[in-house]
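Please lead me through this structure in running paragraphs.

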Amino acid sequence: MGELIEIRWHGRGGQGAKTAALLLADAALGEGKHIQAFPEYGPERMGAPVQAFNRISEEPIRLHCQVTNPSIVVVLDPTLVGSVNVVAGLPEDGIILINTAETPAAVRERLSIKGLKVFTVDASGIAKEKIGRDVPNTPMMGALIKVTNLLDFTKMLEDNKKKLTKKFRNKPEVIAGNLEAIETAYREVKSE
Amino acid sequence: MKENINSWKDLPIGGIVDEPGTAMAYKTGDWRTLRPIHNSEKCINCLACWIYCPDSAIILKDGKVESIDLEHCKGCGICAHECPPKVKAIEMVDEADFR
Amino acid sequence: MGKTRVARTGNEAMAEAIRQINPDVVAAYPITPATEVMQIFATYVADGLVDTELVPTESEHSAMSAAIGAQVAGARTMTATSSQGLALMYEMLYIAAGLRLPLIMAEVNRALSAPINIHCDHGDTMGGRDAGWIQIFSENSQEAYDNLIQAVRIAEHSDVLLPIMVTTDGFIISHAMEDIDIYSDGEVRDFIGTYKPLQPALDYKKPITVGSIDFVDYYFEHRRALAQAMSNAKNAILEVGREFGSKFGQEYGFYEAYKLDDAEVAMVCLGSTAGTGKDAVDNLRKRGIKAGLLKVRVFRPFPAEELAARLKDVPQICVLDRSDALAATGGPLYAELLAAMFEDRADHTVINRIYGLGGRDIKVGEIEELLSSQVSAAAGGKSIDRIGYLGVRE
């Protein structure tokens, strides 16, 4: 990974798109990369479609403009697909990863997506099972790393474990659930 | 109070006045058109004039009115007004008579 | 030397700096996008990580008034604000400067109303540019952190004694997480040193009067002394910037020159756009256009001679202003730079583009297009608008 990678996250206000971008950036920082993570700037409104962004690079990042041509898009909420142009600005060989129980082929057909590499994972289903709540952002991290090779999965998992342990010292079940969710999504993400 | 400051370089930083009691150096006596005359024989030393004088121009000695500081008295007449009507120990007279 | 690489937003970086500075008093009122600075700092106060007396006030006017009072009393005092909040402080800004109080402000650049807008431009900070405050702009979170630490030393420098505001670009920096190096608490505290107020008002053995009236006989002299302090700030900024460099690695001056030495065209700007501009410069150079960039870090005092000298050999100059002076003569950076360059009377073409008002994005491609069109206009002997707008729907 020599060049600058730009990622766009789609979610709904309150769903954790910004947190996902921050977590990913933090994990990348843990691997010695230069990072940026920022939300779509504006008033925060629960439920409204929102975006968050990452830049990850081996070199210091100087850009302070918005991300308009990401090479990777992650969709946290399948109901956004169709109402928001989630593929906007993606190049021909761009990657789109969607949280849905559908197959990539089914999504491609329904949205008439041309080109791109389409991946899906039932992150909400995994989150409900492993964490007990529909918090798709952590499992999506696992799936994202599987399909992009952006980071070293084992290191990322270790990094997450450390951070979760710090945050949920008194709730070991939350830590285990989150880590399992990440691993499950890593295994179960579907390609075409 | 520093006298004869000619250059901005010599001023205390921030426009502060760096010592207390500088109002003493600011003579306001020449603003006066009426002069208070204190009659110590009528005076009962209730000190109402001393309390009310806005310029602290009533000078006391041993708890009694001794004199009036004419370098700072602006001649406002508050002392004469506050002096009890039955005492009337302070009378305001034309300053011009003394010039 | 203990540097730690961490991920921080601009607001987090500023809050971290304030924690390390450990001011005696902080007085503030929340406003987007600066709110977080104090929100985060308040948790440090609550957790007992600092000794600061935090004074939440009922308005920014009160926040600045309380800060002035605290500083007069002899406390090292800080605050943070943005946009309308800074505007509500304007009256008190002048008083802080006139009283020569080394107050420190974290200011997050945000557009002024009307219309209401919470996003970045420099209109708020520019409104305070003649108030007697030192103004330092930051390109990213790292600079926001570094600048705030240096601000303490610059403001409290015995030749200066002026209030200082360190700015970041609202949301673009304030809410964007970046990797930055932070230094150990001990090193930062060694660097800033202990505050020794010149004449604290609470020293009852040496009573003073603060804020007295000047008549025609003294006002001018006091303002002349204030002007001198701002001139003196130039040396202090360089001195502190050098010392910061020798201690922490990154030296700071009035500006940063990027690929300027052989440049045929240079953009001049403030704040976060400089980062985007550097990528544009690199792209232009790949296309054979010798582009360069001059990032102005210090806007007050305005380093007129130094900027003019650095741009002396650059024929085509494009000044990008993220605020409109509404003077019908372009933006404030342009006006001041043009005046600075007038002295050398060399054959420059200096144009101005006002951009990014209310957070309007400025992209690498737009900067490339702007600079390359200036170069081709010059080569073809065509005229180009001196003053214009970039990125507005015409």
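The model is a predicted one. Two pairs of chains are in contact, and of these chains A and C share the most contacts. Chains A and B, by contrast, are joined by no contact, and their closest C-alpha atoms lie 40 Å apart.

Where chains A and C meet, 21 residues of chain C are in contact with 16 residues of chain A. On the side of chain C that touches chain A, β1 (3-8), β8 (177-183) and α9 (273-286) each supply at least two residues. The largest share, five residues, comes from α9(C). By class, this side of chain C divides into seven nonpolar, seven polar and seven charged residues. A pairing of strands also links the two chains: strand β2 (residues 34-39) of chain A and β8(C) pair in the antiparallel sense over two bridges. Within this pairing, A:A37 has C:M177 of β8(C) as its bridge partner.

Chain C also meets chain B, with 16 residues of chain C in contact with nine residues of chain B. Helix α8 (residues 219-248) of chain C provides the largest share of the side that touches chain B, namely four residues. That side of chain C holds seven nonpolar, five polar and four charged residues.

Chain C itself is divided into domain 1 (3-248) and domain 2 (255-390). The centres of these two domains of chain C, taken over C-alpha atoms, are separated by 28 Å. Across their boundary, 27 residues of domain 1 of chain C are in contact with 20 residues of domain 2 of chain C. On the side of domain 1 of chain C that touches domain 2, α5 (123-127), β6 (134-137) and α8 of chain C each supply at least two residues. Here α8(C) gives the most, with five residues. The residues of this side of domain 1 divide into 13 nonpolar, nine polar and five charged.

The nonpolar interior comes next. In soluble globular proteins, nonpolar side chains tend to be buried together. The largest nonpolar core in this model has 175 residues, and those with the most contacts inside it are A:A143, C:I164 and C:V268. Helix α1(A) gives the most to this core, with ten residues. Because domain 1 (3-248) and domain 2 (255-390) of chain C both give residues to this core, the core lies between them. Leaving aside neighbours within four places in sequence, C:V268 is in contact with C:L294, C:V296, C:I317, C:V319, C:L320, C:L333 and C:L337. Another core, of eleven residues, lies apart from the largest one and includes B:A57, B:I58, B:I68 and B:C73.

Helix α1 (residues 17-30) of chain A has 14 residues, which at 1.5 Å a residue should span 20 Å; its end C-alpha atoms are 20 Å apart, so the two values agree. Twelve of the 14 residues of α1(A) are buried, among them A:L22, A:L23, A:L24 and A:L29. Just after α1(A), A:G32 takes a positive phi of about 80°. In chain C, the twelve residues of helix α1 (residues 10-21) should span 16 Å at 1.5 Å a residue, and the end C-alpha atoms are 16 Å apart, which agrees. Twelve of the twelve residues of α1(C) are buried, including C:E12, C:E16 and C:R19. C:N22 follows α1(C) and has a positive phi, near 55°.

A cis peptide bond joins C:T32 and C:P33, with omega about -5°, and C:P33 is found in the loop between β2 (25-28) and α2 (35-46) of chain C. The peptide bond from C:R300 to C:P301 is likewise cis, with omega near -5°; C:P301 is placed in the loop between β12 (298-300) and α10 (304-311) of chain C.

Are the leucines with positive phi, B:L47 and C:L161, buried or partly exposed? B:L47, with phi near 70°, lies in the loop between β1 (34-38) and α1 (48-52) of chain B. B:L47 counts as partly exposed because 15 C-beta neighbours lie inside 10 Å. C:L161, with phi near 50°, is found in the loop between α6 (141-156) and β7 (164-169) of chain C. With 22 C-beta neighbours inside 10 Å, C:L161 counts as buried.

Definitions and conventions
Residues are numbered from 1 along each chain as its sequence is written. Chains are lettered from A and ligands numbered from 1 in the order in which they are written. The expected span of a helix is 1.5 Å times one less than its number of residues. A residue is buried if 20 or more other C-beta atoms lie within 10 Å of its own, exposed if 12 or fewer, and partly exposed in between; C-beta atoms are placed from the backbone. Two residues are in contact if their C-beta atoms, placed from the backbone, lie within 7 Å. Ala, Val, Leu, Ile, Met, Phe, Trp, Tyr, Cys and Pro count as nonpolar, Asp, Glu, Lys and Arg as charged, and the others, Gly among them, as polar. Two strands pair if DSSP finds at least two bridges between them. A nonpolar core is a set of buried Ala, Val, Leu, Ile, Met, Phe, Trp, Tyr and Cys residues joined through C-beta atoms within 7 Å. Domain bounds come from an automatic or database domain assignment.
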